[in-house]
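Please consult the sequence and the structure shown below while reading.

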Amino acid sequence: LGDRHSVILSSHILPEIQSLCDRVMIINHGRVVYSETIEAATATRSEAAILGFSRAPDHDALCAVPGVGSATALQGGQWRVEFTEGADPREALAAAAVRAGWGLVELRPVVKTLEERFVELTTGEDSHKEAA
């Protein structure tokens with residue numbers, strides 16, 4: 001049916017939406033708060049990264065890297081780094097780690113799932129909690 005017609009599927013089961021639909025629209029209190037293609041909604045656009053160091057940097061040195069909005073120390077030499085809007089400082093972070101001898105052992109983007117976006121947009125809470 002979907003090959004010849006538009007089909008509207010209303011569901012809170014977001015993995016089902018991801019597997020069946022071409023577009024996703026999130027409505028909160030009768031207002032559209034999100035409308036994207038599934039491809040765009042699940043793209044690996046990142047707003048933060050988890051970095052691991054064998055020799056942890058100073059908080060201020062990490063925050064001084066262009067594009068870094070904030071940094072939070074986690075356990076085991078890891079940091080969660082939030083990016084400033086529109087920035088992706090991962091390459092600059094890697095270069096700073098090499099220059100300063102921080103011993104970078106991990107650098108991975110934090111990507112929000114469709115479900116996490118839904119929770120954030122409908123409750124105003126950041127549902128992405130990194131295990132520390």
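Is R80 buried or exposed?

The model discussed here is predicted. R80 has a relative accessible area of 11%. Because the value for a buried residue must be under 20%, R80 is classed as buried. This residue is found in strand β5, which covers residues 78-83.

The side chain of R80 also has a partner: a polar contact of 2.5 Å joins R80 and E82.

## An aromatic pair

The count of aromatic pairs in this model comes to 1. The pair is formed by F53 and W102, with 5.6 Å from centre to centre. The angle between the planes is 85°. Since planes over 60 degrees apart count as edge-to-face, the pair of F53 and W102 is described as edge-to-face.

F53 lies in strand β3 (residues 48-53), while W102 lies in the loop between α4 (90-100) and β6 (104-110). The pair therefore ties together parts that are 49 residues apart in sequence. Both F53 and W102 are buried.

M25, I27 and V32 make a nonpolar surface patch of about 300 Å². Of these residues, V32 is found in strand β2, which covers residues 31-37.

V32 has a relative accessible area of 52%. Because exposed means over 50%, V32 is classed as exposed.

Note on methods: Residues numbered from 1 in each chain as written. Predicted model: local features only at pLDDT ≥ 70, side-chain atom pairs only at ≥ 80, totals over all residues. Heavy atoms only, no water. Patch = residues over 30% accessible without salt bridge, like charges linked within 9 Å, V, L, I, M, F, W, Y side chains within 5 Å. Areas by Shrake-Rupley, 256 points an atom, 1.4 Å probe, with all protein chains shown as cover. Salt bridge = Lys/Arg side-chain N within 4 Å of Asp/Glu carboxyl O. Helix = DSSP H or I, 4+ residues; strand = E, 2+ residues; numbered from the N terminus. Buried < 20%, exposed > 50% of the residue type's maximum accessible area, 1.4 Å probe, protein only. Polar contact = N/O pair within 3.5 Å; in protein donor to acceptor, adjacent residues only side chain to side chain. Phe/Tyr/Trp six-rings, centres within 6.5 Å; stacked < 30°, edge-to-face > 60°.
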